[in-house]
Amino acid sequence: MSTAAGYITRQKRFRGVPVLTPIGRLVTALLVFIGGMVELFLATVSGIFHSIVDIRLGAVERRVALMDFLEVVRQMQVVSWGAFWIAIITVSSSGMVIAMETVQQLKNFGMAQAFLGGGVAYATFREMAPVLTAVVATASVASSMTAQIASMKVTEQIDAIRAMGVDPIRYLVIPRVVAMTIMIPVLAVVADYCGVAGGFVIASSHQIAISTYTNSIYQVVALQDFTGGIIKAFVFGIFISLTACLRGMRSSGGAAGVGKATISSVVTCIILIYLFDTILTAALWPS
Amino acid sequence: MFKANSNNEPAASGSRPGARSRDAARSRDAAPGVLEPAGDQPSETGRDAGPAGAKPAAPKTHKANGASENGSSADQSSKKADERKPPSPEDGAKDKDKDAVPSPARIEGLTTKDREALDKKLDQPDDGNAPLDERDLRMVIIRNLLFRRGERVILRDINLDVSLGTLLAVMGMSGCGKSTLLKLIGGLEKPNQGQIIIAGHNIAEMPERELDRQRQNMGFVFQGAALFDYMNVYENVAFGLRRHTALPEKEIKKIVADKLALVGLEGTETLLPAELSGGMQKRVGLARAIAAEPPPTILLYDEPTAGLDPIMTAVINDLILRVRDELKVTSIVVTHDMGSLMMADQVAMIHNGIIEALGSPGELLATSNPVVEQFIHGHAEGPIDVGNVSAEL
């Protein structure tokens, strides 16, 4: 009897504090998101393939391909306007901070001359430039993409695109994905130089000559550190743009839905950036 | 549920379905066009019809009489469209030999076997070389449509035919599925079951790439116009022409100017949608929908007059009629506006997910179906449940 009463009491307590429901919802949401990303990625790749292959079909297809190419260029401009200066400032600052944090420690060991430049460049090429560029692009460009596509969704503009026989993936998603995939690595390369330059500003204040600084870079940093960072930026570009477009196309509920989609897009992108940063660091530079 | 108050004569074997329905019409006791509730009368075309599902028994489809007498096209289809007149009992004998037949689902007295045979004929693939038959005169054929959103059934047992060049108005309570039906016809949603045959092609099972090609023959005017807000009026109207044709920009400019002139918006090419009034946006939306080369064969309007003043409403209604007459398009209009309903060739009312009534505007106005009556006359009290609006504040 007391066992039965205890069992009933325990059931009531668990009924009042559901544990499995939010976990179940989270897992479901995660699976839905992953499924959507895979579907959108495959649709994007298929659309790019058809855009190229269909050129041979006729004048109409060639014209559409040209329009799509011009839209890619336009989106590349949008990405660069949105992220260029912020990326430069951010990564330059991070180069300076790395230099500031490490110069005194290296001096204590008498290694500032030999390793400061290399240390700043190593951290910048492998981590700071690709990750911070991606984060900055998320905040400025991806959020804007999501907001634009989401507002098109809630005002039926995407339905209007479909109603006119135009594939919204081809018209909206592909230019943005291609533009981000190209521009994030480009910005990361620019950011690499800016980060190293920022480190030099601090180095020069500690009487380290530029030749010493750059020699340190050549001694410490390998080519695969630089290329690995570009590969990271490339992967980030794909995921950021796909996430931004997916969140936008799945939004609903008017203006509130647009806001919700934008926040969700930024949060998801940042989580994905750091998740893939970890995975790619382990994969590109196994210890 | 409506059906004409008639004697359901059994189908004579070998006789044409079209002739049977016209014979049935001639034998009606009620005045032509007056609809009576089905009551307890059993009918193969009634709601309780067996496995075929609910098929509304209603008068045969009205053919368009708005087609121009000066049909310029030499082809057979436009000639036949021009020859169509509103049906009358006196035409029954003449109509007997015509190829055109109304929808099998709406022919009274047709046996299940004959209906299935006709349906099977309609399901045969169109190789493009088939002689003009009854299918060509029905631009939109919907059979046994079911659409669910999650667990909620939005539309069920929808059977509808829309003839070439006619204007069908769809009315119903807010949230009853009118816009959903329009999106299903436009291929923007996929039904859970059923067929949607547009000009001989079943779009319900078509892959998306092929559906894109089919949609190039349709125009869709959205409730909020859905103009692309980052493009000006010219770019909005030229959008479809640039994506689907190889016309030089000079030609596109001419077509855009013509379409804007048709809707009374000459000189607005450089304006952005945010700079236009609601009525102007709807007219640009209409111009965009018809700016195709060749022009669309079907136009779908989702509450084109919603939120507009009475004068602009009349302007939009006139434009819809003018576009139908000049471009010979089949038009389907979702609307609450009585003016739009009255100008239609036939009106369908959706209630509780099914087609509650289908007939000419006059027939629906004269009906004694309480659901239709409550809706048309705007009574708060009636069989349509609008919630407890009479509760004290």
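Predicted model: local features only at pLDDT ≥ 70, side-chain atom pairs only at ≥ 80, totals over all residues.
Helices in this tour are DSSP runs of H or I with at least four residues, numbered from the N terminus.

Select A:H50 first, which has its place in helix α2 of chain A, the run of residues 20-53.

Next, colour the largest nonpolar core, which holds 156 residues and in which A:C245, B:V170 and B:L300 touch the most other members. Helix α4 of chain A, residues 112-154, gives the most to this core, with 21 residues. Centre the view on B:V170 and, leaving aside residues up to four places away in sequence, look for its contacts, among them B:K178, B:L181, B:I332 and B:I350.

Now turn to where the two chains meet, a contact that takes 16 residues from chain A and 18 residues from chain B. On the chain B side, α6 (208-215) and α7 (233-244) each supply at least two residues, and the largest share, five residues, comes from α7(B). The residues of this side divide into seven nonpolar, six polar and five charged.

Stay with α7(B) and select its buried residues, which include B:V233, B:F239, B:L241 and B:R243. What covers the buried residues of α7(B) includes α3 (59-108) of chain A, together with α8 (249-262) and α9 (278-290) of chain B.

Finish at helix α10 of chain B, residues 310-327, whose 18 residues reach 25 Å from the first C-alpha to the last, close to the 26 Å expected at 1.5 Å a residue. Which residues of α10(B) are buried? They are B:T313, B:I316, B:N317, B:L319, B:I320, B:V323 and B:R324, and in a view down the axis of α10(B) the buried residues fall within an arc of 155°, so they line one face of the helix. These buried residues pack against β5 (167-172), α9, β9 (298-302), β10 (330-334) and α11 (338-342) of chain B, whereas the face turned away from the buried side carries the exposed residues B:P310, B:I311, B:R322 and B:E326. Just after α10(B), select B:K328, which takes a positive phi of about 55°.

How values were computed:
Residues numbered from 1 in each chain as written. Chains lettered and ligands numbered in written order. Contact = placed C-beta atoms within 7 Å. Nonpolar A, V, L, I, M, F, W, Y, C, P; charged D, E, K, R; others polar. Core = buried A, V, L, I, M, F, W, Y, C linked by C-beta atoms within 7 Å. Buried ≥ 20, exposed ≤ 12 C-beta atoms within 10 Å, placed from the backbone. Expected span 1.5 Å × (residues − 1). Arc of directions from axis to C-beta.
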